[in-house]
Amino acid sequence: MLDIRLLRADPDSAKAALRRRGPAEPAKVDRLLELDARWRELIAAAEECRAEQNRASKALRGAPTAEQRSELAALSARAKELTEQEATVRVEREAVLLSLENLPAADAADADTVIATVGSTQQRGRDHLDLAGPRIDMERGARLSGSRFAYLRGELVLLELALIRYAFTTLVGHGFEPVSPPVLVREEALIGTGMLPDTEQQLYKVPEDDLYLVGTSEVALASLHRDEILDLTDLPRRYAGLSSCFRREAGAAGRDTRGIFRVHQFDKVEMFSFVEPSRSVQEHERILGIEEQICRDLGFSYRVVNIAVNDLGASAAKKYDIEVWLPGQGQYRELTSCSNTTDFQARRLDARYRAAEGKPAHVHTLNGTAVTSSRTIVALLETGQQEDGSVVIPEVLVASGAPAVLDAAV
RNA sequence: GGAGGGGUGGCAGAGCGGUUGAAUGCACCGGUCUUGAAAACCGGCAUGGGUGUGAGCCCAUCGCGGGUUCGAAUCCCGCCCCCUCCGCCA
């Protein structure tokens with residue numbers, strides 16, 4: 001959610017920033033300010049009426065006379081009417097405010113821009129499904145749950161556990177507190193993170209209980225400090241969440257149908273930071289740095305992409321993706337992603353901190369992927385593959401309990 | 001799932017239809033006193049919104065949303081959450 005005060009004070013800058021997201025966006029600002037102006041008139045009138053009512057009510061002691069009573073009743077009725085009008089406009093105003101996407105950062109890219117490349121793109125080979133063989137069981141996964149569901153089996157499960165273990169060891173070293181959150185959440189949590197109304201079609205719903213399955217633990221982690229005011233000394237707060245993630249992949253039919261590159265359910269370790277506003281830019285770089293470190297630890301060739309403004313999603317002001325070189329596909333593919341959502345989520349969640357001076361202010365929030373049981377494993381298989389079809393596993397994972405080598409599939 | 005009890009300021013805890021945004025205590029921040037500290041005493045100490053250059057003024061908020069009433073923290077209804085007991089269960 002954007003800061004209405006900012007929009008009032010300088011609508012043109014906001015409109016210019018939003019225009020980068022799409023031609024229709026700036027008009028929403030005008031619409032909002034129009035509603036806001038009307039709302040302010042109505043709230044002032046309603047409050048004045050209530051003030052009058054309060055004055056009259058306080059002036060008397062005990063029960064009013066019949067005459068007083070009818071005067072008070074008239075005031076009360078008028079206040080109620082004005083409040084109803086005010087509420088109608090307020091609801092509309094809030095809906096528009098909620099529909100506005102975050103202002104892109106000045107240095108968010110106009111078009112996807114590669115800002116760093118590490119490793120080579122020479123490697124070619126088999127794809128992850130070939131290499132995994134029966135250790136990725138798509139057929140039975142589909143029989144159980146439908147397409148895009150897979151069983152991981154045997155050594156791949158140990159590999160996943162090692163990957164998670166390695167990720168937590170790394171992140172704890174960087175000051176992140178491990179969290180294992182609920183994955184079924186209320187609608188508010190999704191509105192709070194900007195997933196709703198933005199990515200509705202991507203979410204699984206459980207209407208019977210009015211809950212949603214999260215698409216990422218970002219949702220649960222962001223809500224950790226919902227409606228809270230943190231002390232300045234509490235910041236930064238960094239969390240590493242482990243959770244299953246659920247995505248409907250509606251509209252992706254036919255895309256990436258082979259293997260576990262794009263599945264409806266996977267596990268992920270996610271980073272999430274709450275920071276002072278002045279620190280979010282450097283925190284974003286820090287999170288990107290950790291993602292890069294993980295890629296290097298795992299022996300990946302990758303590149304870092306500054307994501308185009310029109311591809312940011314509602315809540316991000318700026319986003320980096322890391323694309324990993326997949327020898328089986330002969331191309332770079334998205335592996336991780338990290339976003340600076342500035343105060344956009346914090347405002348929706350009402351997550352604040354108490355600055356040294358002045359009023360509580362909204363924090364900034366950021367998120368980034370550490371590892372996943374889908375794409376990270378795909379990359380490990382394809383990158384570590386040998387001539388004979390066996391796969392060498394990186395030392396850091398072996399140290400966390402992974403097999404040193406996965407035998408060639410039979 | 002069934003039966004009870006309960007949600008009040010950072011915490012504890014009064015109030016249960018009329019200057020109650022809310023007693024009191026603790027915590028916290030100033031000040032007096034003290035060589036310093038403690039104690040004692042004095043003062044301050046919620047959040048959001050509207051309005052104003054500003055001091056300020058006004059409105060709202062006692063889990064959330066409705067309702068009754070001239071007036072609700074207090075009465076009624078719905079929802080959420082917590083606790084106790086029973087049942088069920090990984």
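This is a predicted model: local features need pLDDT of at least 70, side-chain atom pairs count only at pLDDT 80 or more; totals for chains, interfaces and linings use all residues.
Me: Where in the chain is Pro-197 found?

Reply: Pro-197 sits in the loop between helix 8 (187-193) and strand 6 (204-206). Residues are numbered from 1 along each chain as its sequence is written, chains are lettered from A and ligands numbered from 1 in the order in which they are written, and side-chain values use heavy atoms, leaving out hydrogens and water.

Me: What makes the bond between Leu-196 and Pro-197 stand out?

Reply: The peptide bond there is cis, with omega about 5°. Leu-235 and Pro-236 are also joined by a cis bond, with omega near -5°, and Pro-236 lies in the loop between strand 8 and strand 9. Most peptide bonds are trans, and most residues other than glycine have a negative phi. Asp-227, which is not a glycine, has a positive phi of about 60°; look for Asp-227 in the loop between helix 9 (218-222) and strand 8.

Me: How is chain A divided into domains?

Reply: There's domain 1 (4-99) and domain 2 (113-406). Those bounds come from an automatic or database domain assignment. The C-alpha centres of the two domains lie 41 Å apart.

Me: Why are helix 2 and helix 3 called roughly antiparallel?

Reply: Helix 2 (residues 11-19) and helix 3 (residues 25-59) pack at about 150°, with axes 7 Å apart. The axes are lines fitted to C-alpha atoms, for helices over the stretch in contact, and angles run from 0 to 180 degrees between N-to-C directions. Under 35 degrees counts as roughly parallel, over 145 as roughly antiparallel, 65 to 115 as roughly perpendicular, and the rest as oblique. The angle of about 150° is over 145, so helix 2 and helix 3 are roughly antiparallel.

Me: Which residues meet where helix 2 and helix 3 pack?

Reply: Pro-11, Lys-15, Leu-18 and Arg-19 of helix 2 meet Glu-25, Pro-26, Val-29, Asp-30 and Leu-33 of helix 3. Contact here means heavy atoms within 4.5 Å. By class, that's five nonpolar, no polar and four charged residues. Ala, Val, Leu, Ile, Met, Phe, Trp, Tyr, Cys and Pro count as nonpolar, Asp, Glu, Lys and Arg as charged, and the others, Gly among them, as polar.

Me: Why do helix 7 and helix 12 count as roughly perpendicular?

Reply: Helix 7 (residues 155-173) and helix 12 (residues 375-384) pack at about 115°, with axes 11 Å apart. That value sits at the end of the 65 to 115 range, so the pair is roughly perpendicular. In helix 7, Leu-156, Leu-159, Glu-160 and Leu-163 meet Thr-376, Ile-377, Leu-380 and Leu-381 of helix 12. The contact holds six nonpolar, one polar and one charged residues.

Me: What makes strand 1 and strand 4 edge strands?

Reply: The open sheet of eight strands runs 1-11-12-13-16-10-9-4, with mixed pairing. Two strands pair if DSSP finds at least two bridges between them. Strand 1 (113-118) and strand 4 (177-179) each have a single partner strand, so one side of each lacks a neighbour in the sheet. The twist averages 25° from one strand to the next.

Me: How many bridges join strand 13 to strand 16?

Reply: Three bridges join strand 13 (residues 331-340) to strand 16 (residues 364-372), and the two run antiparallel. Cys-338 has Gly-368 in strand 16 as its bridge partner.

Me: In what sense do strand 8 and strand 14 pair?

Reply: Strand 8 and strand 14 (residues 352-354) pair in the parallel sense over three bridges. Ile-229 has Arg-352 in strand 14 as its bridge partner. Both strands belong to an open sheet of three strands, in the order 8-14-15.

How values were computed
Helices (H or I, at least four residues) and strands (E, at least two) are DSSP runs, numbered from the N terminus.
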